[in-house]
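Please look over the model shown below, and then read the numbered notes beside it.

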Amino acid sequence: MKDNGLLALAVERCERAQLDMVVEECAELIQAIQKHRRQEDNAGTPMADIIEKGVDVELCLEQLKTIAAEPVLWNHFRTLKLNRLVRKLGVKREA
Ligand SMILES: [Mg+2]
């Protein structure tokens with residue numbers, strides 16, 4: 001089974017649990033970042049832990065995208081947000 005199919009099946013089987021998982025994984029990423037930032041000597045949470053939590057969030061967001069089942073709307077908001085970032089940074093967007 002390909003990655004997209006795997007994620008879609010996970011969502012299909014337990015949509016509510018997947019939404020709860022998005023919340024949980026985002027909270028874990030926030031906590032890892034806060035622990036890292038609290039340590040002035042960076043002896044706290046290593047960046048690898050933050051990256052690992054980030055990957056968890058990334059996978060959950062892929063599932064959320066499937067739950068939403070609105071790829072056009074998802075991409076619409078993505079374009080809006082990227083254009084806002086382009087204006088904020090005062091740069092030109094390249095394809
Ligand atoms: Mg986790």
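1. pLDDT is the predictor's confidence in each residue, on a scale from 0 to 100. The mean pLDDT of the protein is 85, and 88% of its residues reach 70 or more. Where pLDDT is low, the predicted coordinates should not be read in detail.

2. This is a predicted model, in which local features need pLDDT of at least 70 and side-chain atom pairs count only at pLDDT 80 or more, while totals for chains, interfaces and linings use all residues. Residues are numbered from 1 along each chain as its sequence is written.

3. The protein has 4 helices and 0 strands, where helices (H or I, at least four residues) and strands (E, at least two) are DSSP runs numbered from the N terminus.

4. Of the 95 residues of the protein, 8% count as buried, a term for residues with 20 or more other C-beta atoms within 10 Å of their own, the C-beta atoms being placed from the backbone. In helix 2, E25, L29 and A32 are buried, whereas the count of buried residues among the 19 residues of helix 4 is 0.

5. Helix 2 (residues 15-38) has 24 residues and reaches 35 Å from its first C-alpha to its last, close to the expected 34 Å, the expected span being 1.5 Å times one less than the number of residues. For helix 4 (residues 71-89), the end C-alpha atoms are 27 Å apart, which agrees with the 27 Å that its 19 residues should span at 1.5 Å a residue. Just after helix 4, G90 takes a positive phi of about 65 degrees.

Notes: Buried ≥ 20, exposed ≤ 12 C-beta atoms within 10 Å, placed from the backbone.
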